[in-house]
Amino acid sequence: MSANLLAIFYLVSGVLFILALRGLSSPETSRQGNLYGIIGMALAIGVTVLSVGNFSTGFLYLILFLLIGGSIGAFIAFKIPMTAMPELVAGFHSLVGLAAVFVAISAFLNPNVFNLGMPGSIKIASLIEMSLGAAIGAITFTGSIIAFLKLRGLMSGSPITFFGQHYLNLLLGISLIGLIYFLCTTQSQNLFWSLIAISLLVGILLIIPIGGADMPVVISMLNSYSGWAAAGIGFTLENSALIITGALVGSSGAILSYIMCKGMNRSFFNVILGGWGATEESGKTSSKEQRPVKSGNSDDAAFLMKNASSVIIVPGYGMAVAQAQHALREMVDALKKNGVKVTYAIHPVAGRMPGHMNVLLAEANVPYDEVFELEEINNDFANCDVAYVIGANDVTNPVAKTDPQSPIYGMPILDVEKSKSVLFVKRSLSPGYAGIDNDLFYRDNTLMLFADAKKMTEDIIKSL
Amino acid sequence: MEIDPFIFRLSIFILSIFVGYYVVWSVTPSLHTPLMSVTNAISSVIIVGAIIAALAGNNINVFETSNIFGFLAILLAAVNIFGGFLVTQRMLAMYKKKKKEK
């Protein structure tokens, strides 16, 4: 196959990937889009194998490795529960990162295969590209592993900080640049290995200071990194499919990070540098006085909701933890039978990854046209009878609008307090991730339901 | 005067960033999780590089060090490709409209 024809095929698969993302603009077209993505991938793999034209022993191993990897991937994809989606995505990111590192290593050891020159005299431009690909890939790899461990609960979700952390990161960052420079002048293999080792370390250090509820930003950011790593390798291999895809994924992840940061009214750097840890102290101490709280049981809640004409459900991470989405959907069905209009309101940063709540509700068979984003539904709270807050906290805190001293001041929140009554399912009065008291607990129109989200929802179903 | 092919690749790269920017902004927020899993799957097109790394070169010794790294990368990317697309498919199949299930 001529190089030109090959390049055209790569271009076609790049376009198919664009269509795959384009399909996600609505759930109807999304399945078709995914199909385009699969075709694009099959095309890229197929033409590459043909162009290499090596059907000896190596080809058999290629098929073998594809089958093994494919079966593992397929097994995971079918077995994984929807609540575990954030850690799955983090895990997959780490694989892309590591694959990028491996390809870069291979290109460094045997550059003539890729027309990059001979070992020891690799073209400078290629060397820079592959160093960048390898470094970003390595950061993605270890960073995603840490994110995976935190999301999986195998590692504490609380931020890990130590003295001089930012300076250490800065130092390592500078040394990476230095290493790439010296690598280009000396072509030394040891420098290349050190580059990868330091990048692996940077990945770990970058993610450990970031807390659990900031994970939506972290996952999006690592998503973006995996794209840039792929693009870096794409430049090295002079492959347009990789360059296009890398750019798409890179900008996709960057946009998601931006949306998540905006949902918390924080700057990207504030999140990455672990900003909330410092303000946590003042928030905790200032709100120690005891205030009266109204609490109720499932019968009260069932009575209130049965007699309401409209109910808005506000799900949060607590719903995912309690696996309450199916019970919730049953409760809503029961309410609908009583003629109550029910909708769902989702905050951009609810859960542990972008769109986390939407997937869980979809899994519980909630039709997606009953689920609304913050801007779409926020005005409806004023006209709604009952807001049922299940597992969400900080995203409903009115303090974000009233108290300029509060660390979450300015964060867009769901105006839950405007509804006639608020049912707040929560295990205790403990503050949420931001470490601040939720003003909503003490309002006259709030009824606290102290229980596990799933248990309380099931009890309400019984009472209905 | 000839233009360096690098400039062409850079042009593709920059324009693709813009395409990505506009396409991703039009993705509905409720599909942000499938967006992440599908971008994950397509970024595994890095398997293209892995295949070249694994197969190209001499035919006598299949397992030179550089080939081994290629094969390992194929394995990792394959997990991602199959896992990524299938889990996306599984998620998207769950998004239903009201009328379908009455």
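Mentor: Let's start with a term: a polar contact is a pair of N or O atoms within 3.5 Å, and within protein one must be able to donate a hydrogen and the other to accept it. Keep in mind that this is a predicted model. By that rule, 16 residue pairs are in polar contact across the interface of chain A and chain B, both residues at pLDDT 80 or more.

Trainee: What makes B:Arg9 and A:Glu238 a salt bridge?

Mentor: Their closest N and O atoms are 3.5 Å apart. The cut-off is 4 Å between a side-chain nitrogen of Lys or Arg and a carboxyl oxygen of Asp or Glu, so the pair qualifies. The count between chain A and chain B is one salt bridge.

Trainee: Which helix gives the most to the side of chain A that touches chain B?

Mentor: That's H3(A), with 16 residues. That side of chain A divides into 65 nonpolar, 28 polar and 11 charged residues.

Trainee: And how much area do chain A and chain B bury between them?

Mentor: About 8400 Å², with 77% of it on carbon and sulfur atoms. On chain A's part, A:Leu24, A:Arg31 and A:Phe65 supply 8% of the area buried against chain B, more than any other three residues.

Definitions and conventions
Residues numbered from 1 in each chain as written. Chains lettered and ligands numbered in written order. Predicted model: local features only at pLDDT ≥ 70, side-chain atom pairs only at ≥ 80, totals over all residues. Heavy atoms only, no water. Buried area = accessible area lost by both parts, 1.4 Å probe. Polar contact = N/O pair within 3.5 Å; in protein donor to acceptor, adjacent residues only side chain to side chain. Helix = DSSP H or I, 4+ residues; strand = E, 2+ residues; numbered from the N terminus. Nonpolar A, V, L, I, M, F, W, Y, C, P; charged D, E, K, R; others polar.
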